[in-house]
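Dear colleague,

I am handing over the structure we spoke about, and my notes on it follow below. Please read them alongside the coordinates.

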Amino acid sequence: MSDLSLSSFRAEPRILRLDGSDNLVVALDAIQPGDRASGVLACDKIPRGHKMALCRIGIGEPIIKFGQPIGLASADIAPGEWVHVHNVSATVLSRADLGTNPFAVDQPIFDVPSTFQGYRRSDGRTGTRNYIGILTSVNCAASVARFAADAIIRSGVLEAYPNIDGVVPIIHGTGCGLAERGEGYEVLRRTQWGYACHPNFAAVVMVGLGCEVLQIARMKKECGVEESDGFRTLTIQETGGTRRTVDQIAGTIREMLPRAASARRETRPASELVLGLQCGGSDGYSALTANPALGFASDLLVRDGGTSILSETPEIYGAEHLLVRRASPGVGDRLMERLRWWEDYTARNGAEMNNNPSPGNKAGGLTTILEKSLGAVAKSGQAALRAVYEYAEPVRTHGLVFMDTPGFDPVSATGQVAGGANLICFTTGRGSAFGCKPVPSLKLATNSEMYHRMTDDMDINCGEILEGVSLEAKGREIFDTLLRVASGERTKSEQLGYGDAEFVPWQIGAVM
């Protein structure tokens with residue numbers, strides 16, 4: 001961890017100054033009034049993960065962390081004072097220098113790329129899991145999908161097919177009560193077909209009610225998809241009600257099982273991995289440990305020819321200049337277009353971009369959206385930004401790409417999976433309970449205390465970076481674990497059974 005400088009005048013409290021130009025330090029341990037840190041006498045109680053001023057900061061002057069402004073002082077701040085929401089304004093400073101640096105150039109691809117054991121599908125993509133999915137076009141079909149999945153599981157027929165990871169109902173709360181044209185419809189359709197064609201599904205049955213706006217027949221026509229041994233559709237109304245539809249879905253899945261079970265893992269290059277980068281329940285440690293360690297792992301994947309998807313557009317707000325500087329020609333402009341869309345979207349809906357951080361983020365030490373965004377961008381490593389995609393749009397570019405999504409984790413991850421992500425890596429500081437069938441989700445804890453408290457949910461402890469493990473070593477641990485997970489090793493969320501309820505498409509527009 002050569003880029004971070006630890007200092008303390010005694011064993012406790014430990015503090016961290018991230019950049020020589022910072023006018024604050026981060027408390028790695030709780031600081032009590034009268035404690036001395038970096039030569040400054042604390043005058044407030046400062047929780048761990050929070051910030052203490054190193055010098056006087058006058059009202060209206062910038063608060064500097066990571067060598068970047070994270071806001072302006074809304075009151076005079078004395079040396080040793082707690083720096084947080086009570087004395088910091090989230091004013092966004094000028095980004096006039098967005099284009100001053102040349103875009104980043106990725107390091108050469110490794111001569112001997114990494115490999116994993118995956119399922120090669122007929123369309124050329126590779127899956128990391130082998131599920132059968134029951135998709136629903138509308139919420140009205142949700143219970144039928146669950147009933148059918150339960151019927152298959154209770155029958156015990158899956159016991160004869162250990163090569164199948166399970167039957168999963170993909171249900172949601174929309175599909176009707178929306179306009180049949182426009183942005184909201186297009187987003188939902190892209191999301192549905194992204195899942196229907198996902199390489200982690202060996203076979204899919206799609207069920208609707210029959211009278212909904214998101215008509216299955218229309219979707220098939222618009223997407224050029226036909227019925228096959230691996231894809232079947234039906235509606236409750238045409239089939240004859242709940243019991244007959246459940247029986248027909250279960251019968252269809254029984255027919256699909258032998259073909260789905262014939263798939264076998266084979267050695268595939270890491271270039272076929274598509275990694276969704278997520279963070280949720282972030283805290284003051286996220287930018288110090290898990291996020292930069294995941295960024296290091298992401299860079300390794302890019303060097304192997306693979307793809308990493310950075311998302312959560314509201315959570316790069318204020319740090320977009322760091323991505324624009326790394327963007328290929330024209331890509332930076334596309335990213336700024338999406339940010340302007342979000343500014344308008346939030347204003348029309350009575351919100352603001354600084355609606356983030358959440359109460360939990362603030363309790364963990366994050367003060368403004370600028371501060372949170374600077375830490376969130378660290379997940380992307382140092383690679384060049386190669387493309388910007390709309391929500392749930394198929395990702396076809398290798399390297400680091402950006403997908404426009406909300407910051408709400410289930411909605412964001414749903415878009416990434418619909419776009420083709422076959423792995424999710426999720427950093428968390430406050431603790432997160434999340435899974436993402438049909439895609440495995442790997443959890444990275446930002447601090448050791450939470451890792452041990454939620455050990456049943458956390459896969460990797462990045463808090464060890466503050467205990468002497470190098471950032472590079474932790475990044476390689478993450479990368480190696482991703483390869484094992486892609487090859488079949490089950491994550492903690494998979495062991496707990498998470499993922500059946502986390503399909504949450506982004507709902508845009510009026511509900512009518």
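How many disulfides does the structure hold? The structure holds 0, where a disulfide is a pair of cysteine sulfur atoms within 2.5 Å.

Two conventions apply throughout. This is a predicted model, in which local features need pLDDT of at least 70, side-chain atom pairs count only at pLDDT 80 or more, and totals for chains, interfaces and linings use all residues. Residues are numbered from 1 along each chain as its sequence is written, and side-chain values use heavy atoms, with hydrogens and water left out.

On the cysteines, the sulfur of Cys 279 has its closest cysteine sulfur in Cys 425, at 11 Å, which is too far for a bond. For Cys 436 the closest cysteine sulfur is also in Cys 425, at 12 Å, again too far for a bond. Cys 279 is buried, with a relative accessible area of 2%, and Cys 436 is buried at 3% (buried means under 20% relative accessible area, with a 1.4 Å probe and protein chains only).

Turning to the strands (DSSP runs of E, at least two residues, numbered from the N terminus), strand 8, residues 68-73, has 6 of its 6 residues buried, so it is largely enclosed by the rest of the structure. Strand 8 pairs in the antiparallel sense with strand 7, residues 62-65, over 4 bridges, pairing being assigned if DSSP finds at least two bridges between two strands. Within this pair, Ile 63 has Gly 71 as its bridge partner, and the two strands form a hairpin with 2 residues between them, where Phe 66 in the turn has a positive phi of about 60 degrees. Strand 8 also pairs in the antiparallel sense with strand 10, residues 88-89, over 2 bridges, and there Leu 72 stands opposite Ser 89.

Best regards

Methods: Buried means under 20% relative accessible area, exposed over 50%, partly exposed in between (1.4 Å probe, protein chains only).
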